[in-house]
Amino acid sequence: MNRAQVPTEQVAQTVQTVTELLILPAGADPDSSDHRNCFGVFVTWRGQDGYSVTQDRVSGRFGTYLSRAGNWAFTPLPMQRRQYRFTYDEAIAAAQQAVQTRTFQGMSWPEFLTKWPSEKP
C-alpha cells in the first residue's frame with residue numbers, strides 16, 4: 001500500500017497545547033497594554049510540570065506566581081515549584097478568581113476606571 005492509500009489518522013496526529021492565555025477583568029481592553037500588564041493574569045504552559053498563573057508575562061523563570069494556596073510569590077525556588085503548578089482547568093479557575101482581586105498601585109479595576117475615566121472601554 002502506498003502513502004496515498006493510508007488513512008489520514010494513521011499518517012499523522014495533531015495535538016494542540018494551549019501555551020498561554022490572558023485573563024482580564026470584565027470590560028478590560030485586551031489591546032491596551034495598561035489593561036493587560038496592570039490588571040491581567042496570565043496562564044502559561046510550563047511543560048510536564050503543568051500550568052502556572054502569573055501577574056506578568058513571564059518569558060523566563062522570573063515573575064510573580066500564584067500558589068495553590070492563593071498567595072503571590074516572586075520566582076519560587078525549584079523545590080517549591082510544585083506548589084505553583086496547576087492542571088489546565090485549575091489554572092483557569094485560579095486565574096479567574098485572582099483577576100477579580102488584582103490591584104495596581106493600590107487600585108482595583110473599578111477604582112482605576114473611576115480615576116482614569118478615559119480608560120473606560
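Predicted model: local features only at pLDDT ≥ 70, side-chain atom pairs only at ≥ 80, totals over all residues.

Student: In what order do the elements of the chain run?
Tutor: Start with the count: the chain has 4 helices and 5 strands. Read from the N terminus on, they give α-β-α-β-β-β-β-α-α.

Student: In which sense does strand 2 pair with strand 3, parallel or antiparallel, and over how many bridges?
Tutor: Two strands pair if DSSP finds at least two bridges between them. Val 43 has Val 53 as its bridge partner in strand 3, and Thr 44 has Ser 52. The sense of strand 2 and strand 3 is antiparallel, over 4 bridges.

Student: Which residue in strand 2 stands opposite Leu 22?
Tutor: Strand 2 also pairs with strand 1, in the antiparallel sense over 4 bridges. In strand 2, the residue opposite Leu 22 is Phe 42.

Student: Why is strand 2 said to be largely enclosed by the rest of the structure?
Tutor: Take its residues against the cut-off for buried. Strand 2 is largely enclosed because the buried ones number 4 of the 5.

Student: How far apart are the end C-alpha atoms of helix 3?
Tutor: The expected span of a helix is 1.5 Å times one less than its number of residues. Helix 3 (residues 88-101) has 14 residues, so it should span 20 Å. The model agrees, with its end C-alpha atoms apart by 21 Å.

Student: Against which elements do the buried residues of helix 3 pack?
Tutor: The buried residues are Ala 91, Ile 92, Ala 94, Ala 95, Ala 98 and Val 99. Contact means heavy atoms within 4.5 Å. The partners are helix 2 (33-39) together with strand 1 (20-23), strand 2 (41-45), strand 3 (51-54), strand 4 (64-66) and strand 5 (72-74).

Student: Is Asp 89 buried or exposed?
Tutor: Asp 89 lies in helix 3, and its C-alpha atom is 9.4 Å from that of Tyr 51, 38 residues apart along the chain. With a relative accessible area of 60%, Asp 89 is exposed.

Student: Which element gives the most to the lining of the largest pocket?
Tutor: On a 1 Å grid over the protein atoms alone, a pocket is an open set of points with protein on both sides within 12 Å along at least five of seven lines, whereas a cavity is a set where a 1.4 Å probe fits but cannot get out; lining residues have an atom within 4 Å of a point. Lining residues include Trp 72, Phe 86, Glu 90, Ala 94 and Gln 97. With 5 residues, the top contributor is helix 3.

Student: What is the volume of the largest pocket?
Tutor: Its lining divides into 5 nonpolar, 4 polar and 2 charged residues, where Ala, Val, Leu, Ile, Met, Phe, Trp, Tyr, Cys and Pro count as nonpolar, Asp, Glu, Lys and Arg as charged, and the others, Gly among them, as polar. Grid points are joined across faces, edges and corners, and a volume is the space filled by probe spheres set on the points. For the largest pocket that comes to about 160 Å³.

Student: Which residues does Ala 73 touch, not counting those up to four places away in sequence?
Tutor: Ala 73 is placed in strand 5. The residues it touches are Gly 63, Thr 64, Tyr 65 and Tyr 84.

Terms used:
Residues numbered from 1 in each chain as written. Heavy atoms only, no water. Helix = DSSP H or I, 4+ residues; strand = E, 2+ residues; numbered from the N terminus. Buried < 20%, exposed > 50% of the residue type's maximum accessible area, 1.4 Å probe, protein only.
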